[in-house]
2 protein chains.
Amino acid sequence: MIPVPGLPEVRAGDRLADLVAACAPLEDGDVVVVTQKVVSKAEGRLVDCPAGDEDARRALVDSESVRVLRRSPGRATIVETRHGFVCAAAGIDFSNVPDGKAALLPLDPDRSARRIRDGLLARTGRRVAVIVSDTFGRPWRRGLTDVAIGCAGIGAVLDLRGTVDGYGRTLRVTEVAVADELAGAAELVMGKAAGVAVAIVRGVDRSWLRESSVRAELVRSPQDDLFR
Amino acid sequence: MIPVPGLPEVRAGDRLADLVAACAPLEDGDVVVVTQKVVSKAEGRLVDCPAGDEDARRALVDSESVRVLRRSPGRATIVETRHGFVCAAAGIDFSNVPDGKAALLPLDPDRSARRIRDGLLARTGRRVAVIVSDTFGRPWRRGLTDVAIGCAGIGAVLDLRGTVDGYGRTLRVTEVAVADELAGAAELVMGKAAGVAVAIVRGVDRSWLRESSVRAELVRSPQDDLFR
């Protein structure tokens, strides 16, 4: 786990791959985790939202949602986004953005990850994987964890069904959300307050490196979901 | 992230701290992540459950649950355990255990973690933290991740409320579930099939090392939960 400090303030239109390449010492097989906020900034997803204007915030959340799962006064509004993510406030970020602004999620975080991955290859010649991460809450457990909202070049879910346990029996259900675990692990070396937006995970199993997407592998379909 | 192979087959009554100390090169400040299964085995939490007997499995799940959240044919039964965990099948494990057996969760995984931590200190002189991890699913996202079900010597949740973001504003809500992120990160180097049950996370921020418990910090109370 290698934190990558030194990323400059990101502005709309910046080529994030160039900025990351300039400060990250990459090796083939690295997984580069980039937080959603800098991706949103680079992609021009900062919008106006007057500080403290709860009505404006609510309208913004509604505009980014396809469904509201829970809304109660003084509590987070839990919605389903167009991507299929279930999260608070449609993943809109009101901190670590300039005053009066809010950061919307990237329109297609898997595409964002592919673009950064391709840009890093073009710029550095290194074949790396990229995960775009964001900080989500979850029911039943307190605290937030970072999860993957987009990925490129690494499997989002590792399917161990059919492999054999330590007693020689076939595992029935073991699909490991490695992209989420990698995003969470990266968070540990980035730190919310420190403002490090990029981390490298080096040494992951090469068999995990393949084409994939969060949307296809990690987003649970509503019909397959016991809690929607 | 350091996987610790070489743990012998664990039996009821084994002192897990002694077994871990014998194969883990510990340093002060390490976080030792131990999977629930070996803790359950050491604590004699293996019970009989005839292979393939769905009625016996169901009775076992019910006996370990205080509430059923979702039960549907052919799908996982989602329950609340006595500890307050919401998970499939009350966290009972039917794989990586001997035929005809099932592994129940430890009665008090925070106490399990404290006991291992204290044992490691007594045996090695190293002041380490311990996390007992287990593999849980979650709604809305596919795949499983490892989370903390018990901890000792490390904060389960890092409270960043009151710290300042990159724009000098106070963060409103940022409680990071570091124990869960550490458990997930450890899973990445253990691997389900490989059967490595212990990993060391070295180099965590020393400020995270304090008395804590999963039960007090990570379990969301039902009244504070929008999805129960």
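Arg70(A) stands opposite Ile78(A), a residue of strand E5(A). The model in which this pair occurs is a predicted one.

Strand E5 of chain A covers residues 78-81 and is joined to E4(A) by four bridges. These two strands run antiparallel.

## The three-stranded sheet

In chain A, strands E4, E5 and E6 form an open sheet, in the order E4-E5-E6. The pairing within this sheet is antiparallel. Its edges are strand E4 (65-70) and strand E6 (86-88) of chain A, each of which pairs on one side only. From one strand to the next, the twist averages 35 degrees.

## Secondary structure of the chain

Chain A contains six helices and 12 strands. Among the strands are E4, E5 and E6 of the open sheet described above.

## Overall dimensions

The radius of gyration of chain A is 18 Å. A compact globule with 228 residues would have a value near 17 Å, so the two figures agree. Taken along the principal axes, the box filled by the C-alpha atoms of chain A is roughly 55 × 45 × 25 Å.

## Burial and contacts

How much of chain A counts as buried? The share is 49% of the 228 residues; for this count, a buried residue has 20 or more other C-beta atoms within 10 Å of its own.

Conventions:
Residues numbered from 1 in each chain as written. Chains lettered and ligands numbered in written order. Predicted model: local features only at pLDDT ≥ 70, side-chain atom pairs only at ≥ 80, totals over all residues. Pairing = 2+ DSSP bridges. Axes fitted to C-alpha atoms, helices over the stretch in contact; angles between N-to-C directions. Rg over C-alpha atoms; globule rule 2.2 N^0.38 Å. Buried ≥ 20, exposed ≤ 12 C-beta atoms within 10 Å, placed from the backbone.
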